[in-house]
Amino acid sequence: MPILEVRELRARYTSAGPEILKGISFDVEADDFFAIIGPSGAGKSTLIRCINKLVEPSGGNVRFRGEEVTRLRGRELRGLRRNIGMIFQEFNLIDRLSVMDNVLSGRLGYTGNLRSLFRAFPRVDIERALQLLHRVGLEDHVDKRADALSGGQRQRVGIARALMQDPKMLLLDEPTSSLDPKISREIMGLIKSMAQEYGVPCLCNIHDVALAMEFCNRIIGLQDGVKMFDGPAELMDRTKLGEIYAMEVL
């Protein structure tokens, strides 16, 4: 059974506005590193954000681990978001906090209000955070403020924070668009290896087709909110890419 099932998903930002997603359907399996590609404005980021209801779908169904996401509200929706980690394009760190505190913020959904206020995390969480920081190569930066880090280092903190949630799936929203090509490959490689290590499937909105082809096993191609391709990465070719990006203004 797929971990994520999306059926005829539709989205628009206002009731009278244009439709951004036009009946998108696909499945994500437990071992997938799944890419969403397409030109700017195709609906990639909207699709990612519909999965955890950062954007409210206007139609269709999203089932995560057998549970209908579109119906969730309040506590149930917070529970969903605990189980779906997210890695952002602009890192989404709290600049004034240390690297360690940013990683520990991945546990806020599991920690009581008083503990959260005083950042009194259990020892087991602190040990896990240290393990993750070692894994992403930042064990020597634990006490450094987030705003003192390079872009690549900031995204490594974002990876550790997302995995600190103990997620059942990761959403990646343009995780390399703010990085240079060399660092982008390193970050994608790190995300993929850690996702495999922790048994977490990924759904990745990515603008760089070469990175999608290199690191992802399945690809969806969107154009103007319509699914143009859905299949293994090895079946993507120049003809299909030409169809997906036919409306791109160069």
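Modeller: A salt bridge here is a side-chain nitrogen of Lys or Arg within 4 Å of a carboxyl oxygen of Asp or Glu. In this predicted model, a search of the whole structure finds 19 salt bridges.

Colleague: What makes Arg73 and Glu56 a salt bridge?

Modeller: Their side chains meet at 3.9 Å, N to O, and the cut-off is 4 Å, so the pair counts as a salt bridge. Arg73 lies in the loop between S5 and helix H2 (74-83), and Glu56 in the loop between H1 and S4, so the pair ties together parts that are 17 residues apart in sequence.

Colleague: Why is Glu56 called partly exposed?

Modeller: Glu56 has 42% relative accessibility. Buried means under 20% and exposed over 50%, so Glu56 falls in between and counts as partly exposed.

Colleague: What makes Asp230 and Arg218 a salt bridge, and where in the chain are the two residues?

Modeller: The distance is 3.2 Å, N to O, which is within 4 Å. Asp230 is in strand S10 and Arg218 in strand S9, twelve residues apart. Asp230 has a relative accessible area of 31%, so it is partly exposed. Arg218, at 25%, also counts as partly exposed.

Colleague: What is the distance for Asp237 and Lys240?

Modeller: These side chains meet in a salt bridge at 3.5 Å, N to O. Asp237 is partly exposed at 33% relative accessibility, and Lys240 is partly exposed at 29%. Elsewhere, salt bridges that share partners join Glu8, Arg10 and Glu19 into one network.

Colleague: Why does Arg161 have no salt bridge?

Modeller: The nearest side chain of opposite charge, Asp95, is 9.0 Å away. The cut-off is 4 Å, so Asp95 does not qualify as a partner. Beyond residues up to four places away in sequence, Arg161 touches Phe88, Phe91, Asn92, Leu93, Asn102, Val103, Ser105 and Gly106.

Colleague: Why is the pair of Phe26 and Phe34 called tilted?

Modeller: The ring centres are 5.5 Å apart, and rings pair within 6.5 Å. The planes stand at 45°. Stacked needs under 30 degrees and edge-to-face over 60, so this pair is tilted. The structure holds one aromatic pair, and both Phe26 and Phe34 are buried.

Colleague: Why is strand S9 described as largely enclosed?

Modeller: Five of the six residues of S9 (residues 218-223) are buried, so the strand is largely enclosed by the rest of the structure. S9 belongs to an open sheet of six strands with the order S6-S7-S8-S3-S9-S10 and mixed pairing.

Colleague: What makes S9 a paired strand, with S3 and with S10?

Modeller: Pairing needs at least two bridges. Four bridges join strand S3 (residues 33-37) to S9, and these strands run parallel. Six bridges join S9 to strand S10 (residues 226-232), and these run antiparallel. Both counts meet the requirement, so S9 pairs with each of them. In S9, Ile219 is the bridge partner of Ala35. In S10, Asp230 is the partner of Ile220, and Phe229 is the partner of Gly221.

Colleague: What makes S6 and S10 the edges of this sheet?

Modeller: Strand S6 (84-87) and S10 each have a single partner strand, so one side of each is left without a neighbour in the sheet. Helix H6 packs on this sheet, touching S6 and S7, and its direction makes about 175° with that of S6.

Colleague: What makes the phi values of Asp224 and Asp166 worth a remark?

Modeller: Most residues other than glycine have a negative phi. Asp224 has a positive phi of about 50°, and it sits in the turn of the hairpin formed by S9 and S10, with two residues between the strands. Phi of Asp166 is near 55°. Asp166 is found in the loop between H6 and strand S7 (169-173). At 40% relative accessibility Asp224 counts as partly exposed, and Asp166, at 42%, does as well.

Colleague: Which strands are at the edges of the four-stranded sheet, and why?

Modeller: That open sheet has the order S2-S1-S4-S5, with antiparallel pairing. Strand S2 (21-28) and strand S5 (67-68) are the edge strands, as each pairs on one side only. Five bridges join strand S1 (residues 4-11) to strand S4 (residues 59-64); at least two are needed, so S1 and S4 pair.

Key
Residues are numbered from 1 along each chain as its sequence is written. This is a predicted model: local features need pLDDT of at least 70, side-chain atom pairs count only at pLDDT 80 or more; totals for chains, interfaces and linings use all residues. Side-chain values use heavy atoms; hydrogens and water are left out. Rings of Phe, Tyr and Trp (its six-membered ring) pair if their centres lie within 6.5 Å; planes under 30 degrees apart count as stacked, over 60 as edge-to-face and the rest as tilted. Buried means under 20% relative accessible area, exposed over 50%, partly exposed in between (1.4 Å probe, protein chains only). Lys and Arg count as positive and Asp and Glu as negative; His and the chain ends are not counted. Contact means heavy atoms within 4.5 Å. Axes are lines fitted to C-alpha atoms, for helices over the stretch in contact, and angles run from 0 to 180 degrees between N-to-C directions.
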